[in-house]
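Subject: Structure for you to take over

Hello,

Please take over the structure shown below. The findings follow after it.

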Amino acid sequence: MVASEVEPYAKTGGLADVLGSLPQALRARGLDVRVLLPRYSSIDGRFSLRSLGRAGVDFDGAYISAKFLEAENPRGAVPTYFLEAPRYFRRAKFYGDGDDILRFGFFSRAALELPRLLNWTPDVIHCHDWHTGLLPVYREK
């Protein structure tokens with residue numbers, strides 16, 4: 001699952017609530033569910049994260065470095081990953097800086113690098129809200 005908000009990491013509304021509960025419910029049914037969200041400034045220091053590695057993301061005519069991290073979750077919890085790209089997500093607020101289409105376009109494109117980094121192939125990529133709307137388009141390229 002790819003989303004811009006996930007409770008308890010980042011929340012402005014109901015989207016975070018859904019992503020805070022739906023993945024756990026699906027995992028309880030035996031599905032291999034994983035979650036990716038941006039690493040916003042507000043996440044720093046509140047959660048223990050470990051680095052998974054970097055990827056060069058081809059976006060907007062350039063290769064932009066992105067770092068992927070994983071939250072240290074208790075055993076059996078849904079694996080939660082973060083995309084670190086300071087150019088796009090090291091901000092005081094989640095939305096509304098005027099370049100959101102670029103920020104979340106990048107997020108959608110970069111999300112496709114995580115399965116390669118994990119050497120894992122998801123059966124379904126569940127895109128939540130407009131923030132991840134370009135992911136299916138990039139996946140078809």
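Leaving aside neighbours within four places in sequence, Arg91 touches Ser41, Asp97, Asp99 and Arg103. This model is predicted, so local features were taken only where pLDDT is at least 70. Arg91 sits in the loop that runs between α2 and α3. Is Arg91 buried or exposed? Its relative accessibility is 17%, and the cut-off for buried is under 20%, so Arg91 counts as buried. Gly61 is 30 residues away from Arg91 along the chain, and the C-alpha atoms of the two are separated by 23 Å.

Phe94 belongs to the loop between α2 (86-89) and α3 (100-111). With 13% relative accessibility, Phe94 counts as buried. Which residues does Phe94 contact, once its neighbours within four places in sequence are left aside? They are Ala10, Lys11, Thr12, Tyr40, Ser42, Arg103 and Phe104.

Now the protein as a whole. It contains five helices and four strands. In sequence order these elements give the pattern α-β-β-β-β-α-α-α-α. The radius of gyration is 14 Å, close to the 14 Å that the globule rule gives for 141 residues, so the protein is as compact as a globular protein of that length. The C-alpha trace spans about 40 × 30 × 25 Å along the principal axes.

Of the 141 residues in the protein, 45% are buried. Among contacts with a separation of 6 or more, 60% are between residues 24 or more positions apart. The protein has an accessible surface of about 7,400 Å², and carbon and sulfur atoms hold 50% of that surface.

Some backbone details come next. Most residues other than glycine have a negative phi, and most peptide bonds are trans. Where is there a cis peptide bond? It joins Glu7 and Pro8, with omega at about 15 degrees. Pro8 is part of the segment before α1 (14-28).

Asn119 is not a glycine, yet its phi is positive, at about 55 degrees. This residue, Asn119, is in the loop between α4 and α5. Its relative accessible area is 73%, and exposed means over 50%, so Asn119 is exposed. Asp129 also has a positive phi, near 70 degrees, and is a residue other than glycine. The loop between α4 and α5 holds Asp129. At 47% relative accessibility, Asp129 counts as partly exposed.

Rolling a probe the size of a water molecule over the atoms shows where empty space is left. How much space lies in the largest pocket? The figure is about 450 Å³. Its lining has 22 residues, and those nearest the centre of the largest pocket are Met1, Asp32, Trp120, Pro122 and Val124. Two elements give two or more residues to this lining, namely β1 (35-38) and α4 (113-118). By class, the lining of the largest pocket consists of 17 nonpolar, two polar and three charged residues.

The second largest pocket has a volume of about 220 Å³. It is lined by 11 residues, of which Leu112, Pro115, Arg116, Ile125 and Arg139 lie nearest the centre of the pocket. At least two lining residues of the second largest pocket come from α4, and at least two from α5 (135-139). What classes of residue make up the lining of the second largest pocket? There are six nonpolar, one polar and four charged residues.

Regards

Note on methods. Residues numbered from 1 in each chain as written. Predicted model: local features only at pLDDT ≥ 70, side-chain atom pairs only at ≥ 80, totals over all residues. Heavy atoms only, no water. 1 Å grid on protein atoms, 1.4 Å probe; cavity = no way out; pocket = protein on both sides within 12 Å on 5 of 7 lines; lining within 4 Å. Points joined across faces, edges and corners; volume = space filled by probe spheres on them. Nonpolar A, V, L, I, M, F, W, Y, C, P; charged D, E, K, R; others polar. Rg over C-alpha atoms; globule rule 2.2 N^0.38 Å. Buried < 20%, exposed > 50% of the residue type's maximum accessible area, 1.4 Å probe, protein only. Contact = heavy atoms within 4.5 Å. Areas by Shrake-Rupley, 256 points an atom, 1.4 Å probe, with all protein chains shown as cover.
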